[in-house]
Amino acid sequence: MDAMTPAPEELASAANPVAAHMAELRAQLRHHGHMYHVLDAPTIPDVEYDRLFRELQRLEQAHPEWCSADSPTQRVGGAPVQAFASVAHQVPMLSIQTETDNTEQGAHLFDQRVRKQLQCLETDPPLEYVAELKFDGLAISLRYVQHVLVQAATRGDGAWGEDVTHNIRTIGQIPLRLPAHAPAELEVRGEIYMRRDDFEALNERQRQKIAAGAKNEKTFVNPRNAAAGAVRQLDPQIAAQRPLSFFAYALHFHPTAQENLSPVQATLWGLDPYGTHAQVLAALKDWGFPVSAQAQTVNGAQGLVAFHQQIAAQRDQLPFDIDGVVYKVNAIAAQAVLGMVSREPRWAVAHKFPAQEELTTVLDIDVQVGRTGKLTPVAKLAPVFVGGVTVTHATLHNEDEARRKDVRVGDTVVVRRAGDVIPEVVSVVLEKRSHVAPEFTMPRACPVCDSVAVREEGEADYRCSGGLFCPAQKKQAILHFAHRRAVEIEDLGEKIVDQLVDAGLVNTLPDLYKLGFSHLAALDRMAEKSANNLLHSIHKSKDTTLPKFLFGLGIRHVGESTAKTLARHFGGMDAIMDASLDQLLQVADVGPVVAQSLRTFFDQAHNREVVAQLRACGVHWSESEPQGRLDLPLAGHTYVITGTLPNLSREQAQALLEQAGAKVAGSVSKKTTAVVAGEAAGSKLEKALALGVPVLDEAGLMLLVQTQP
């Protein structure tokens with residue numbers, strides 16, 4: 001029977017609206033359980049599944065006459081796929097009751113239930129618990145016979161799982177043989193997962209394969225799906241290429257190993273002499289299994305609350321995903337007394353954190369312009385509570401990502417938010433798409449200033465080309481222009497720029513030179529002396545150099561070195577602004593990307609207007625005759641400066657070399673002409689000596705630049 005097909009008794013009861021709703025819930029849960037546990041391709045987040053599950057539980061409790069023996073509430077998950085051999089779990093792999101109550105209230109209620117069932121008195125000391133992480137991975141059972149790993153099985157439906165031994169053997173963290181002092185036959189339970197950094201590296205490799213034209217390749221939605229897919233690969237060589245990890249958290253003995261145990265010991269699943277769960281974890285660690293370092297033994301409800309709060313604060317710093325914590329009664333004898341209820345043990349409970357993934361609807365797709373001109377598509381969402389906050393917007397990163405995920409207006413989507421990370425759309429629930437909306441396409445003009453939006457070859461992002469003109473970029477443009485390596489306006493920091501822009505006093509660069517004392521004195525924490533100092537710095541910055549001014553304009557790909565090269569080659573600002581692509585390509589170190597960036601910038605009339613207004617405000621520099629690329633004596637030569645020179649600063653030494661036409665680089669290579677080394681020269685000098693690159697001291701540098709014609 002298909003996972004979505006209702007059972008006959010459900011069809012028979014469908015005439016009653018409540019029974020019909022229960023039948024529909026069972027069908028949905030079977031379908032989503034099949035997608036999650038069997039196909040490893042969930043279409044809804046865990047929190048949505050949990051809601052459906054709790055609703056069905058509530059209705060079954062209210063209407064036991066309509067309960068179904070094969071209801072998802074009576075089992076753990078779906079059946080194994082036929083591609084793997086089935087494995088019967090001699091000790092069922094049951095799941096733990098999950099609660100989402102208030103942290104403190106939930107811990108106290110669990111503690112109260114346990115104490116009541118164990119008939120503890122109010123005067124009795126607090127119960128001891130082991131508090132652990134609730135990993136977001138794939139549960140696995142490892143069977144050892146004569147200390148050797150003989151079988152690994154997935155949870156499956158709790159009674160039957162899938163034999164995935166061939167893949168589990170590829171995980172280096174799982175011992176293939178146990179030490180001699182371990183029991184000869186046992187079963188270890190744990191979690192297969194993938195670290196976040198391993199997941200990102202895996203997806204990067206997948207993206208590179210896709211870019212290279214590989215077919216049938218895809219990126220993965222999250223670490224859990226990637227891990228589950230690896231475990232269920234038919235080819236172990238593929239599984240071996242996936243970076244999987246493992247944590248052990250439980251120990252069981254098979255009945256064949258319990259023949260000499262007492263009935264009480266058999267009830268305890270043969271865990272004697274391990275009297276506590278903490279001792280079990282210690283034994284697992286001793287036998288070579290990785291055990292979570294975050295697991296703690298705590299006392300009473302207050303200890304559980306403190307652990308929950310501690311892990312919640314650390315959650316986003318952990319190298320792997322979790323979705324909550326697990327509380328377990330420590331004493332195994334007490335676990336035996338508490339026993340089971342339906343599909344879950346009474347002696348354990350899981351408390352989830354606020355969901356990091358939720359379902360919502362895309363109302364619209366906007367494009368936002370960042371401080372540096374980057375255009376980012378952002379989905380406008382129906383408000384949804386996820387990750388502890390209400391989310392109304394989520395990033396789509398760039399056009400390629402938006403189209404790869406095929407996000408369209410009106411879609412139902414999975415939204416993820418982890419910690420302070422910007423919310424993102426993870427995937428589209430295609431089965432809920434009931435409309436035909438157009439694919440998203442990035443606008444070719446900036447939505448803020450209407451300047452040309454440019455996507456350079458090899459890059460994923462579009463960028464606004466109106467850096468000096470675009471209101472979205474004005475703060476960043478002003479700060480860059482005022483940098484000490486640009487025109488240098490001392491005391492003009494980020495907080496002052498924020499105030500000037502937010503107050504409407506400065507909208508473009510020329511507005512800086514129109515500020516008066518009254519404007520500055522009105523700013524927060526701006527004393528009279530500070531205002532006068534800033535005015536003096538602004539006035540002083542009018543006297544600059546062509547390279548500094550050109551660098552200060554913030555043209556993409558035009559750094560300090562390129563600005564100096566352009567200034568030497570063309571001699572004046574107008575010549576640079578009017579240079580054709582071919583003329584720009586004649587400049588040393590200017591390639592097609594830089595040339596096109598310059599041309600795009602100066603083809604915008606508003607950028608030329610900003611330059612004209614700055615000149616009108618008195619910003620000036622000295623210009624010279626064009627020197628071209630080959631006119632200078634050291635043109636085509638590359639030097640590296642390292643260490644402390646006796647008399648010259650590094651900037652002065654660099655200026656001398658650049659005036660003679662040389663390029664000053666930051667690293668040494670075989671193409672380096674020479675290294676200028678001073679006191680305390682380090683690895684650059686060592687590399688130069690190893691490569692046979694000539695080394696000059698300060699005297700040699702001075703002789704070099706003075707003897708050039």
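Me: Contact means heavy atoms within 4.5 Å. With that in hand, which residues in α14 meet which residues in α15?

Reply: One thing before we look: this is a predicted model, where local features need pLDDT of at least 70, side-chain atom pairs count only at pLDDT 80 or more, and totals for chains, interfaces and linings use all residues. Residues are numbered from 1 along each chain as its sequence is written, and side-chain values use heavy atoms, leaving out hydrogens and water. Helices (H or I, at least four residues) and strands (E, at least two) are DSSP runs, numbered from the N terminus. Now your case: α14 brings Lys 474, Lys 475, Ile 478 and Leu 479, and these meet Glu 494, Val 497, Asp 498, Val 501 and Asp 502 of α15. Sorted by class, that contact has four nonpolar, no polar and five charged residues. For the classes, Ala, Val, Leu, Ile, Met, Phe, Trp, Tyr, Cys and Pro are nonpolar, Asp, Glu, Lys and Arg are charged, and the others, Gly among them, are polar.

Me: At what angle do α14 and α15 pack?

Reply: You compare axes, which are lines fitted to C-alpha atoms (for helices, over the stretch in contact), with angles from 0 to 180 degrees between N-to-C directions. Helix α14 (residues 474–481) and helix α15 (residues 494–502) pack at about 135°, and their axes are 10 Å apart. That makes the pair oblique: under 35 degrees is roughly parallel, over 145 roughly antiparallel, 65 to 115 roughly perpendicular, and the rest oblique.

Me: How do the axes of α24 and α26 cross?

Reply: The axes of α24 and helix α26 (residues 698–706) cross at roughly 30° and come within 10 Å. So α24 is roughly parallel to α26, and it passes α26 in a left-handed crossing. Ala 653, Leu 656 and Leu 657 make the contact from α24, with Leu 701, Met 702, Leu 704 and Val 705 from α26. By class, this contact has seven nonpolar, no polar and no charged residues.

Me: Which strands does helix α24 lie across?

Reply: Helix α24 (residues 650–659) lies across β21 and β22, at about 170° to β21. Strands pair if DSSP finds at least two bridges between them. Strand β21 (residues 638–642) runs parallel to β22, with three bridges joining them, and Thr 638 sits opposite Lys 663 of β22. Both belong to an open sheet of four strands, ordered β22-β21-β23-β24 with parallel pairing. Its edge strands, β22 (663–665) and β24 (695–696), each pair on one side only.

Me: How many residues lie between β14 and β15 in their hairpin?

Reply: Strands of a sheet pair through backbone hydrogen bonds, either parallel or antiparallel. Here β14 (residues 357–369) and β15 (residues 374–386) run antiparallel, joined by seven bridges, and Val 369 stands opposite Leu 375. Their hairpin has four residues between the strands, and Gly 373 in the turn has a positive phi of about 95°. Strand β15 also pairs with β16 (residues 389–395), antiparallel over six bridges. In that hairpin, two residues separate the strands and Gly 387 takes a positive phi near 65°. Strand β15 pairs with β20 (residues 462–464) too, antiparallel over two bridges, where Leu 375 has Tyr 462 as its bridge partner.

Key
A crossing is left-handed if the near helix is turned anticlockwise from the far one by less than a right angle, and right-handed if clockwise.
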